[in-house]
Amino acid sequence: FDGAEREAIEPEVLCPAVALRVYMLQVSVPAGASAGDSFPVIDPATQVQFDAVVPKGLGPGDTFNVSPPGGGGGGGGSS
């Protein structure tokens, strides 16, 4: 990931844990990214773009879960 133009990815939406009001997205590490790199993600519920950071030990094609800023989903977050 050398600063080239980055295209935001559309993640899969995981079932939100209603009792905990947690909203998670499953994203895939894009080609060329490695641990510590960030890449743009669009929350499909709000269309808000944010950066996800590749966790240690993961590489291109691996998936991991992220929580959008503010809990995402238009109804997540704390109450």
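## How the strands pair up

Let's start with strand S2 (residues 25-28) and strand S5 (residues 63-66): they run antiparallel, and four bridges join them. Within that pairing, Gln26 has Asn65 of S5 as its bridge partner. Strands here are DSSP runs of E with at least two residues, while helices are runs of H or I with at least four, and both are numbered from the N terminus. Two strands count as paired if DSSP finds at least two bridges between them.

A second pairing links S3 to strand S4 (residues 49-53), again antiparallel, through five bridges.

What you see is a predicted model, where local features need pLDDT of at least 70 and side-chain atom pairs count only at pLDDT 80 or more, while totals for chains, interfaces and linings use all residues. Residues are numbered from 1 along each chain as its sequence is written, and side-chain values use heavy atoms, with hydrogens and water left out.

## The big picture

The protein has zero helices and five strands, so from the N terminus the order of elements is simply β-β-β-β-β. Of the 79 residues, 28% are buried; that label means under 20% relative accessible area, with exposed meaning over 50% and partly exposed in between (1.4 Å probe, protein chains only).

What about contacts, meaning heavy atoms within 4.5 Å? Among those with a separation of 6 or more, 53% come from residues 24 or more positions apart.

## Inside the core

The largest nonpolar core has 12 residues, including Tyr23, Phe39, Phe50, Phe64 and Val66. S2, S3, S4 and S5 are the elements that give two or more residues to this core. Such a core is a set of buried Ala, Val, Leu, Ile, Met, Phe, Trp, Tyr and Cys residues joined through side-chain atoms within 4.5 Å. Leaving aside residues up to four places away in sequence, Val66 touches Tyr23, Met24, Leu25, Val27, Phe50 and Ala52.

Strand S3 (residues 38-42) is largely enclosed by the rest of the structure, because four of its five residues are buried. In a regular strand, side chains alternate between the two faces of the sheet.

## One aromatic pair

Rings of Phe, Tyr and Trp (its six-membered ring) pair if their centres lie within 6.5 Å; planes under 30 degrees apart are stacked, over 60 edge-to-face, and the rest tilted. By this rule, the count is one aromatic pair. The partners are Phe39 and Phe64, with centres 6.1 Å apart and planes at 90°, so the pair is edge-to-face. Phe39 sits in S3 and Phe64 in S5, so the pair ties together parts 25 residues apart in sequence. Phe39 is buried at 1% relative accessible area, and Phe64 is buried at 9%.

## The loop between S3 and S4

Which residues stand out in this loop? Gln47 is one: it has a positive phi of about 65° although it is not a glycine. Most residues other than glycine have a negative phi. Gln47 is exposed, at 53% relative accessibility.

Asp43 lies in this loop too, but it is buried at 2% relative accessibility. Its side chain makes a polar contact of 3.2 Å with that of Tyr23, and also reaches the backbone nitrogen of Ala45 at 2.9 Å. Polar contacts are N or O atom pairs within 3.5 Å; within protein, one atom must be able to donate a hydrogen and the other to accept it, and residues adjacent in sequence count only if both atoms are side-chain atoms.

Methods: Contact means heavy atoms within 4.5 Å.
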